[in-house]
Amino acid sequence: MLNLSSNDYLGLASRTDLRDAFLGELNDSGLSLSSSFSRLLTGNFAVYNELEQLIAERFGREAALLFNSGYHANTGILPALADKQTLVLADKLVHASIIDGILLSGTPYQRYRHNDYMQLEALLEKHAGQYEQVFIVTESIFSMDGDVADLRQLVELKKRYPNVLLYVDEAHAIGVRGRNGLGIAEEQSCIPDIDLLVGTFGKAVASMDAYLVCSRVIREYLINCMRPLIFSTALPPAQIAWTRFVFERLPEFEAERQRLAEMSGLLADALRGQGGEVSGSHIIPYIIGENDACILRAEELQRKGFYCLPVRPPTVPKGTARIRFSLTAQVTEEQLGELIRILGQKNMSI
């Protein structure tokens, strides 16, 4: 089956040329396949620092910090930085890992309606003066609808208050958006104004681990206070070297980004009125509604050669069960045309 549920957005995970070139470098490097300890003790290696420096330089920021995964990042950052004198204002549709981080922090929080910046502005006007600091928390590309946050508007709101910080998760945007593949923040020209810019290498970058781009002060504080970082064995140096190998080459994949955008536009246009109009990215929802109908439709597509999965409540709101098409740059126009033809058939089992 054609995999339409993959996070390998640029198709790099199956690139044997990249794999072989990296393995040649790895054999010469002598890097270990295990770190054997946390970074704070004996698990730190030069390759970690080199990648962090490269990330900071690419983003034009003071510092960067690596984590074992996006889940580690999102469940550790807010608990380390927030306290009872902090308010978190989070988009209603932020990822579960961010919600877990908010809950673990124990800090007061409210969730504003999805991408409703008028409501967010009203909440800031009402509450910002009552707390020592306020975090606005959002994703840039949302994982279920595939729509895009207006980071410029969020930056504008943040700048009105001296105690407000902006936290953006670019998990689904790093690699696939922006001139150099640095995400929506690059595309919207607001990298310098985002206080906490998080991303993961486990999707378009075809690796694992995650990063935070931030100030040097925040980086040093997290190193000493962030529990998932302190109490986790660091990833193997060889794994970090693979992340560095791919990340260094992100600017070279403009053709893949362009192809992904073109294919995504074709499918989104075909699904207008059924979820396609919501998406602004390579994640395109095909909203069916009821759970049973969604399962049947996914099974029908699988029988016809398209591997796609139903997404149901509580992952998405009740009554919006959907197939989440997650495209990659390897999908051809012919394959997509066949999928669109099948989706248009009236006799599909529902």
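Student: What makes up the lining of the largest pocket, by class?

Tutor: In this predicted model, the lining has eight nonpolar, four polar and six charged residues. Leu, Val and Met count as nonpolar, and Leu93, Val94 and Met144 are among the residues nearest the pocket's centre. Ser143 and Thr315 also lie nearest the centre.

Student: Why are 18 residues said to line the largest pocket?

Tutor: A lining residue has an atom within 4 Å of a pocket point, so the 18 residues are those that pass this cut-off. The space in this pocket is about 360 Å³.

Student: How do you know that strand E7 pairs with strand E8?

Tutor: Pairing needs at least two bridges, and four bridges join E7 (residues 196–200) to E8 (residues 210–214). Therefore the two strands count as paired. They run antiparallel, with valine 198 opposite leucine 212 in E8.

Student: Why are E2 and E4 called edge strands?

Tutor: The open sheet has seven strands in the order E2-E8-E7-E6-E5-E3-E4, with mixed pairing. Strand E2 (63–67) and strand E4 (109–112) each pair on one side only, and this is what makes them the edge strands. On average, neighbouring strands of the sheet are turned by 20° against each other, direction ignored.

Student: Which helices lie on these strands, and at what angles?

Tutor: Helix H2 (residues 46–59) lies across E2, E7 and E8, at about 130° to E2. Helix H5 (residues 117–127) packs on the sheet and touches E3, E4, E5 and E6. The direction of H5 makes about 155° with that of E4.

Terms used: Residues numbered from 1 in each chain as written. Predicted model: local features only at pLDDT ≥ 70, side-chain atom pairs only at ≥ 80, totals over all residues. Heavy atoms only, no water. Axes fitted to C-alpha atoms, helices over the stretch in contact; angles between N-to-C directions. Contact = heavy atoms within 4.5 Å. 1 Å grid on protein atoms, 1.4 Å probe; cavity = no way out; pocket = protein on both sides within 12 Å on 5 of 7 lines; lining within 4 Å. Points joined across faces, edges and corners; volume = space filled by probe spheres on them.
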